[in-house]
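Trainee: I would like to learn how to read a few local features of a model. Please take them one at a time.

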Amino acid sequence: MAMNMDQLNVIPFDNINMGSEDDPNTALHLQHHQPHNFDFDFDYPNNNDDDLLEPTSLSDPNLDPYEGMEFDSEQSARIFYNSYARRVGFSTRVSVYQRSRRDGSIICRQIVCSREGFRREGNENRSKRQRTVTRVGCKAQMTVKKQSSGKWAVTKLVKDHNHEFVPPDKVHSLRSHRHVSGSARSLIDTLQAAGMGPSGVMSVLIRESGGINNVGFTKVDCQNYMSNSRQRTLGPGGQAVFDYLKQMQAEDPGFFYAVQGDFENSTGNVFWADANARMNYSYFGDTITFDTTYRTNRYRVPFAPFTGWNHHGQPLLFGCALLLNESESSFVWLFETWFAAMSGRCPISITTDQDRIIRAAVSKAFPGTRHRFCKWNVFREAQEKLSHVYHSHPTFEPEFHRCINVAESVDEFESCWESLLQRFDLSDNEWLQSMYNARQQWVPVYLQDTFFGEMSIMQGSDSINSYFDGYINASTNIHNLIKQYEKAMAVRHEKEVKADYDTLNSPPVLKTPSPMEKQAANLYTRRIFMKFQEELVETLAYLATVVDDTGSAITYQVAKFGEDHKVHHVRFNAFEKRASCSCQMFEFSGIICRHILAVFRVKNVLTLPSNYILKRWTRNAKSGVVLDEHTLGLPCNTQESLAARSENLRQEAIRYVEEGAESEHIYNVAMGALHEAIRKVAAAKKCGSAPVQTTVFNGSEQLQWCSLDEDEKIQELRAELEQASQRCEAYRTKLLSVMKDMEERKLRISVKVQNVRLKMKD
């Protein structure tokens, strides 16, 4: 699905102290998990901070860890080390971590061999069963710390173990390499509902996975899950969540929540979205992510947020769900409920994991939305399904990642994929065949024609866009869920406010004399401008050569100097100032690419055409109301309406102050206008307005105000606009006729010149 332009609106270490993970003031904590159902030692919290998605070191050909190795997030480091452990033959678990006192986020994490340390001596008489000795004081570990750049670097690495490694055919039984995945849960639920027992379920799973080594967990895990699933509820803490939702709705009529199932016994699915989430969707609802990390990372709480990107490229929240029932009908209910809360406006694209049930639910709820699978989840599943290949061919993983991430065209990917299958004798692998059949939903080169709001086609969907990274993870329970939820909301809001401030008060350094760069610096947020500037500066090394000048659009071949083998083609219509590039970066990210900018430079296009400026990436992305309050289903006198008007006024006031303080003269003019505005507001408050219409929406009575004089003025302006549109259409028709005549004359002259050349040769 091509991008619809109408849908797009054109830590260094602080003071460290001691404590526990659930305590917001703590920084250091030693985790010792006791064995119980589904509480595995190794967990993968969400990655990604407020940055756009970046490629991780998982795709680095050097698969062995080393000091100084960098990752984009703590999660990426954990995944990498666990993948390394699986290949070598040991299990991992998280050990100690440090928190920043400034914002409570984790800034240091130690990942150790699961046989590190020694079991604590307890009362031997408490249990008659002799427990197997699993901890033998192994010193192997990897410590990663968050750098000032936002990256996570390996600061300490110990590779030596004091025990033997587990052979490849047994490694799937180790704790950190086994779990009941989301897709397996769905299948188990279905088979259990049909009356099948654990042995029968495991037989099906082994057959579907192509062997017991590929299932990813043991029969005991399956039995535990099936036993646990019969009593899955929110527990005693569930009532606290429901009480919180009721309280929020009482305080804010714009707060929305819905329950599917048994409300009183806390066994139903729950969805909620506050007023800000619903309003933010009206500005940035072009692309969304449904984050079900809890299914793959064994969270205690089945917490699934809907997220997106704001105009700074920071994660943005569009609502949250607690999912106790994972059937297809439950996901359909959730998507339809979310859709209703967000005014019934479909996103252009949605990113989820590749679970079969979620895929079916998305196709039913969002038939016109482009559905993408999270690439990180695909790579993670590959580690399970292709574990035998990873063990026997150490070079397979980096080559597999390179085939997916580096291919710049469909032909290049197809060729690379076929070569990979042949060289590693995987042509008959069922899982690879199934993923190839679904390639248009996860391989980057097939997704580049659709808007996903990420800065690079090749970097997209490496990991889930996590709004709650560092706040809600595998150790979060239902009792502290709301506290962590509100803390994350507060921190994200602070980061957005800071980004707004930096954009307005820290002008970027211009690197060229180009008027286009100055224009972009005044339009885009600071983060987005830096990306645009990178593309603009790169054009200095690119050459644009005409390869076809017939017709109204000229085709250029654009390549970097000295890299003629890497060519992109740009079609440029000089009359409409429209261009399209084979890389499709603008369609994918909403930021114009270096190839089109190189053509603009050749054609002396000195400023960005308006159709290449997406409002969602600009400073004014939240000015004006993209969807009005009635469309959102909110009463006009609600707190949300007040919040929306306040936000719009705040944005306009910031810009007014910035412009009004430029000089003394402008300052005096601004103050005079401000006093006049104050006088008019006071007069309006005294006179009031007459209600002209009453509308009932969802049981809420809404009053709409409009003065008769304003209504007449609006009608006059509409009539003038219609006349102007008719005149423009007439001019456009005449201009096209003239251009057509010019093209015909050009063709006749070309024929004459050709005839003259032929005669001269004779």
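Trainee: Is Gln584 buried, partly exposed or exposed?

Mentor: The scale is relative accessible area: buried is under 20%, exposed is over 50%, and partly exposed is in between (1.4 Å probe, protein chains only). Gln584 has 22% and is therefore partly exposed. The model is predicted, so local features need pLDDT of at least 70 and side-chain atom pairs count only at pLDDT 80 or more, while totals for chains, interfaces and linings use all residues. Residues are numbered from 1 along each chain as its sequence is written, and side-chain values use heavy atoms, with hydrogens and water left out.

Trainee: Where is Gln584 found?

Mentor: Helices (H or I, at least four residues) and strands (E, at least two) are DSSP runs, numbered from the N terminus. Gln584 sits in the loop between β17 (578-581) and α18 (585-589). Its phi is positive, about 55°, although Gln584 is not a glycine.

Trainee: How many salt bridges does the count come to?

Mentor: A salt bridge is a side-chain nitrogen of Lys or Arg within 4 Å of a carboxyl oxygen of Asp or Glu. By that rule there are 19 salt bridges. One of them joins Arg109 to Glu74, with the closest N and O atoms 2.7 Å apart. Arg109 is in strand β4 (residues 106-113) and Glu74 is in helix α1 (residues 74-88), so this pair ties together parts that are 35 residues apart in sequence. Arg109 is buried at 1% relative accessibility, and Glu74 is buried at 9%.

Trainee: Which residue forms a salt bridge with Asp502?

Mentor: Asp502 pairs with Lys498, and their closest N and O atoms are 2.9 Å apart. Both lie in helix α15 (residues 481-505), 4 residues apart, which is about one turn of the helix. Asp502 is partly exposed at 22%, whereas Lys498 is exposed at 52%.

Trainee: How far apart are the closest N and O atoms of Lys560 and Glu538?

Mentor: They are 3.9 Å apart in the salt bridge between these two residues. This pair links distant parts of the chain, with Lys560 in strand β15 (residues 553-560) and Glu538 in helix α17 (residues 526-538), 22 residues apart. Lys560, at 27% relative accessibility, is partly exposed, and so is Glu538, at 25%. Through shared partners, salt bridges join Lys531, Glu534, Glu535, Glu538, Lys560 and Arg594 into one network.

Trainee: What describes two packed helices?

Mentor: The angle between their axes and the distance between the axes. Axes are lines fitted to C-alpha atoms, for helices over the stretch in contact, and angles run from 0 to 180 degrees between N-to-C directions. Helices α10 (residues 375-385) and α12 (residues 396-406) pack at about 155°, with axes 12 Å apart. That makes α10 roughly antiparallel to α12 (over 145 degrees; under 35 is roughly parallel, 65 to 115 roughly perpendicular, and the rest oblique).

Trainee: Which residues of α10 and α12 make the contact?

Mentor: Contact means heavy atoms within 4.5 Å. Lys375, Phe379, Ala382 and Gln383 take part from α10, and Glu397, Phe400, His401, Ile404 and Asn405 from α12.
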